[in-house]
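The structure is shown below.

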Amino acid sequence: MRYFTAGESHGPELTAIVEGVPAGLRVSEEQINADLARRQSGYGRGGRQKIERDTVRVTGGIRFGRTLGSPVSMVVRNRDWENWEQRMAPFGEPPADLMREVTPRPGHADLLGVLKTDTDDCRNILERASARETAARVAASGIPREFLAELGVEVLSYVISIGDAAMKEDDPIAAAAFYKPLDIELSEVRCPDSGATRAMKRAIDKAIEDRDSLGGTFRVVVRGLVPGVGGYATGRDRLTSQLGAAVLSIPAIKGVEFGLGFQAAKLPGSKVHDEITLDPKRGFTRGGNNAGGLEGGMTTGLPLVITAAMKPIATLMRPLGTIDLDTLEPAEASKERSDVCAVPAAAVIAEAEVAFVLADAYLRKFGCDNMTDIKAAVRAYKQRLRTASR
Ligand code: EPS
């Protein structure tokens, strides 16, 4: 299963196509819209989110609420398009008063995109490099999310830190298995700790006052996975490489850790690896989950725990220095209306990316034609594992 997206930030709409979809999967429009709303929320979002009310319109691949087995296509309208129709028109001549963007923002794709594509307008780059594109990814992720949910797999995310305001956790990996989705969703920054939520909001208020921006860290947790999904035989089979690439594909994500992550590099092996035990009811299990649910590129069956770091948004209201591409003189970078912090949104987008990788890995392991056969294959696999451990 994989997706494609098309569309610019201020174009008419964003398009997503998901291919490799099994037949008979129940899909809910309301659920996709709820995920789109989760991506739009979060303290520190900018004026654009007051304009957009993202909803999905499915244009293929689903009939009476169930997938047909054909590619699923969908669109998310950009309400801001009506303010950009002239400036972003697909055809015709540019308007006489068109302002080109010629002051690339440090940290954004502007400069390198201009050099690479030989254009004289950063807008040709920033329209697509904009994180607006991730609305299409989240809409598309309705398919793998529902697929995983039918197999008992739940994907969630929460924010751990924004700037230097962080949630204190004694044992983050153990805690990851227990946070309740409601506590996360009720926080304006998607943090299950109310004290830390307040500290993060204060950090964002300060950044707004300073006309600056903030990044942070978040975690994606997946519960209910069966062991042995993914592969060890080639680099590409390893879920570690696929999940790492998927999370790093989100704009502004600069680092990804699994389980103990970088901590593991400081500890001896005896304190890192999770001892193998045999539980009479559950079969093979582990003394801990330092591996974060992945071993040898495959799921262990314990919660998958991924931590990611996002850099601060590149558009600053107090702009950094740049070079004017017309005059080649020093200048101030463009200051478009922008978010101050989008870490909570990035966490929701990471859920989407992770869901795609895991759904694809399940389809490879359990077949891909229809939900009845896939569910039967998962049941048979679980049964074999139970027998093997006796
Ligand atoms: C973005 C700039 C802002 C953000 C946008 C990402 O948009 P605008 O230039 O229209 O104010 O709001 O994100 C979204 C629109 C979204 O839906 O996430 C950028 O330059 O990356």
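## Criterion and count

A salt bridge is counted here when a side-chain nitrogen of Lys or Arg lies within 4 Å of a carboxyl oxygen of Asp or Glu. The model is predicted. By this criterion, 30 salt bridges are found.

## Arg 39 and Asp 54

Arg 39 is paired with Asp 54 in a salt bridge, with 3.5 Å between the closest N and O atoms. This pair links distant parts of the chain: Arg 39 belongs to helix H1 (residues 29-40), while Asp 54 lies in the loop between helix H2 (48-51) and strand S3 (56-60), 15 residues apart.

Both partners fall under the 20% limit for burial. Arg 39 is buried, with a relative accessibility of 3%, and Asp 54 is buried at 4%.

## Glu 52 and Arg 132

A salt bridge also joins Glu 52 to Arg 132, where the closest N and O atoms are 3.7 Å apart. Here too the pair links distant parts of the chain, 80 residues apart: Glu 52 is in the loop between H2 and S3, and Arg 132 is in the loop between helix H4 (123-129) and helix H5 (134-140).

Glu 52 counts as buried at 1% relative accessibility, and Arg 132 counts as buried at 5%.

## Glu 133 and Arg 128

Glu 133 forms a salt bridge with Arg 128, the closest N and O atoms lying 4.0 Å apart. Glu 133 is buried, at 10% relative accessibility, whereas Arg 128 is partly exposed, at 29%.

Through salt bridges that share partners, Arg 39, Arg 48, Glu 52, Asp 54, Asp 80, Arg 132 and Arg 337 are joined into one network.

How values were computed:
Residues are numbered from 1 along each chain as its sequence is written. This is a predicted model: local features need pLDDT of at least 70, side-chain atom pairs count only at pLDDT 80 or more; totals for chains, interfaces and linings use all residues. Side-chain values use heavy atoms; hydrogens and water are left out. Helices (H or I, at least four residues) and strands (E, at least two) are DSSP runs, numbered from the N terminus. Buried means under 20% relative accessible area, exposed over 50%, partly exposed in between (1.4 Å probe, protein chains only).
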